[in-house]
Amino acid sequence: MVFALMCMALLAASTAAQTPGAARPRVQRTADGKPDLSGIWQAMNTAFWDIQDHNAQKGIPAGLGVVEGNELPYTPAAAAKKRSNFENRAAGDPESKCYLPGVPRAAYMPFPFQIVQTPSQVTMLYEYAHTVRNIFMNTPHIEGQLYWWMGDSRGRWDGDTLVVDVTDFNDETWFDRAGNFHSDALHVVERYTLSDPDHINYEATIEDPKVFTRPWKISMPLYRRVEKNAQLMDFKCVEFVEELLYGQWRKKPLTK
């Protein structure tokens, strides 16, 4: 009898765990009641190489895309430039020169990043190139056109979702190693939503009327780094790039 009751209890617990809508672990909240995004996070996909579906190539793992619908609505002229970028992607990607990655690419670089959250500001610290990004909460964008690598980020809370409006970009960053690009008219709206304590649902809507015929969206999960003593490490990007470029220069034949 006792054994039968134990089996029934285990079955009920298993069924509850598999039932859609079953209670999930509660997310941590800050003193002001907002979801606490603080921690070290990382994307686990291949969007750094190509945000669309792609097969494996030399030095590039195969991967599923993060673009909703898997289509980028380029204008005809922009599509031609994208093809040119792709042909020269190894040397042409600004990231290969250690330039700042821009937004949204910073979220899915193959490096972790850290979120530090306060009521008035959310700061994102990226392992890649020691990049720092400040998101100022509930404040307007700076007046006038600016041309920043990471844009000007302004945040607000929409329920339990952190919404970040980003403008004032330069045109020097790419979305990926495949040559997908934008102009200085880029406008990005990001949404960070904790689905549980260790996962963020990340979305970014991209608008750029100089390059695309309509807005489009990417989405992906971000994973909390939960290993003991998780921390950002030192990636000396500039030094590595200088060594690479110097090595390539040494290999060039001498010409008169």
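Predicted model: local features only at pLDDT ≥ 70, side-chain atom pairs only at ≥ 80, totals over all residues.
1. Disulfide count. A search of the whole structure finds one disulfide. The bond joins Cys-98 to Cys-237, with an S to S distance of 2.0 Å. The two cysteines sit in distant parts of the chain, 139 residues apart.

2. Where the two ends lie. Cys-98 belongs to the loop between α3 (89-92) and β2 (113-117). Cys-237 is in helix α4, which covers residues 237-251.

3. For Cys-237 the value is 6%.

4. Burial of β5. Strand β5 spans residues 152-158. Five of its seven residues are buried, so the strand is largely enclosed by the rest of the structure.

5. Parallel partner. Strand β4 (residues 132-137) runs parallel to β5. Three bridges join the two strands. To locate the pairing in the model, look at Ile-135, which stands opposite Ser-153 in β5.

6. Antiparallel partner. How many bridges join β5 to strand β6? There are seven, and the two strands run antiparallel. Strand β6 covers residues 161-167. Here Arg-156 stands opposite Val-163 in β6.

7. The turn. β5 and β6 form a hairpin with two residues between the strands. Gly-159 in this hairpin takes a positive phi near 65°.

Definitions and conventions
Residues numbered from 1 in each chain as written. Heavy atoms only, no water. Disulfide = S-S within 2.5 Å. Helix = DSSP H or I, 4+ residues; strand = E, 2+ residues; numbered from the N terminus. Buried < 20%, exposed > 50% of the residue type's maximum accessible area, 1.4 Å probe, protein only. Pairing = 2+ DSSP bridges.
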